[in-house]
Amino acid sequence: MPEVTPVFDPSIVARIERDQLALPCWDVDPDLFFAESPEDIESAKAVCVDCPLRHACLAAALDRCEPWGVWGGELVATGTVVPRKRPRGRPRKNVAA
């Protein structure tokens, strides 16, 4: 069985327990953070805005090379931060007027 990498460093887990932090992502459907629509992705990013562990969450996701999802308020694709999700389908060849 492959080794499971923890989501957070043990010191961060200790901080969550010590400070009794309630993280905003705990109150929403986890599927929101792996949504397909750009609107849902933006909603997921908004959930993270006031999170006290936002930077640690993003750093941990990048360390793990997460393949996809919103982590720490940023969209991660293939292990890197991307500014936004493109809609499905091919881009237009000609710009619409």
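User: What should I know about the numbering and the model before I start?
Analyst: Residues are numbered from 1 along each chain as its sequence is written. The model is predicted, so local features need pLDDT of at least 70 and side-chain atom pairs count only at pLDDT 80 or more, while totals for chains, interfaces and linings use all residues; side-chain values use heavy atoms, with hydrogens and water left out.

User: How many helices and strands are there in the protein chain?
Analyst: Helices (H or I, at least four residues) and strands (E, at least two) are DSSP runs, numbered from the N terminus. The protein chain has three helices and three strands. From the N terminus on, the order is α-α-α-β-β-β.

User: How do the strands pair in the sheet?
Analyst: Strands of a sheet pair through backbone hydrogen bonds, either parallel or antiparallel. Two strands count as paired if DSSP finds at least two bridges between them. Here, three strands form an open sheet in the order β1-β2-β3, with antiparallel pairing. β1 and β3 (80–82) stand at the edges with a single partner strand each, so one side of each is left without a neighbour in the sheet. From one strand to the next, the twist averages 40°. Axes here are lines fitted to C-alpha atoms, for helices over the stretch in contact, and angles run from 0 to 180 degrees between N-to-C directions.

User: How many bridges join β1 to β2?
Analyst: Four bridges join β1 to β2 (residues 74–77). W68 stands opposite A77 in β2. V70 has L75 of β2 as its bridge partner. The hairpin of β1 and β2 has two residues between the strands, and G72 takes a positive phi near 60° there.

User: Which residues other than glycine have a positive phi?
Analyst: Most residues other than glycine have a negative phi, and most peptide bonds are trans. Q20 is one case, with phi near 50°. Q20 lies in the loop between α1 and α2. C65 is another case, with a positive phi of about 55°. C65 sits in the loop between α3 and β1.

User: Are Q20 and C65 buried or exposed?
Analyst: Buried means under 20% relative accessible area, exposed means over 50%, and partly exposed is in between (1.4 Å probe, protein chains only). Q20 counts as exposed, at 71% relative accessibility. C65 counts as exposed too, at 52%. Across the protein chain, buried residues make up 32% of the 97 residues.

User: Which residues of α2 are buried?
Analyst: An α-helix has 3.6 residues a turn, so residues three or four places apart point the same way. In α2 (residues 38–47), the buried residues are I41, A44, K45 and V47. Seen down the axis of α2, they fall within an arc of 155°, so they line one face of the helix. That arc is taken from the directions from the helix axis to the C-beta atoms.

User: What do the buried residues of α2 pack against?
Analyst: Contact means heavy atoms within 4.5 Å. The buried residues of α2 pack against β1 and β2. As for α3, this helix lies across β1, β2 and β3, running at about 5° to β2.

User: Where does UniProt place the feature "binding site"?
Analyst: UniProt positions are given in the numbering used here, feature names are shortened, and annotations may be inferred rather than shown by experiment. An unreviewed UniProt entry places this feature at C25, C48, C51 and C57. These residues are spread over 33 residues of sequence, yet they cluster in space, with a largest C-alpha distance of 11.0 Å.

User: Where are C25 and C51 found?
Analyst: C25 is in the loop between α1 (10–18) and α2. C25 is partly exposed, with a relative accessible area of 33%. Not counting residues up to four places away in sequence, C25 touches F33 and V47. C51 is in the loop between α2 and α3. C51 is buried, at 15%. With the near sequence neighbours again left out, up to four places away, C51 touches L23 and P24.

User: What joins the side chains of E66 and R64?
Analyst: A polar contact is a pair of N or O atoms within 3.5 Å; within protein, one must be able to donate a hydrogen and the other to accept it, and residues adjacent in sequence count only if both atoms are side-chain atoms. The side chains of E66 and R64 are joined by a polar contact of 2.8 Å. E66 is in the loop between α3 (54–63) and β1 (68–71). E66 counts as buried, at 16% relative accessibility.
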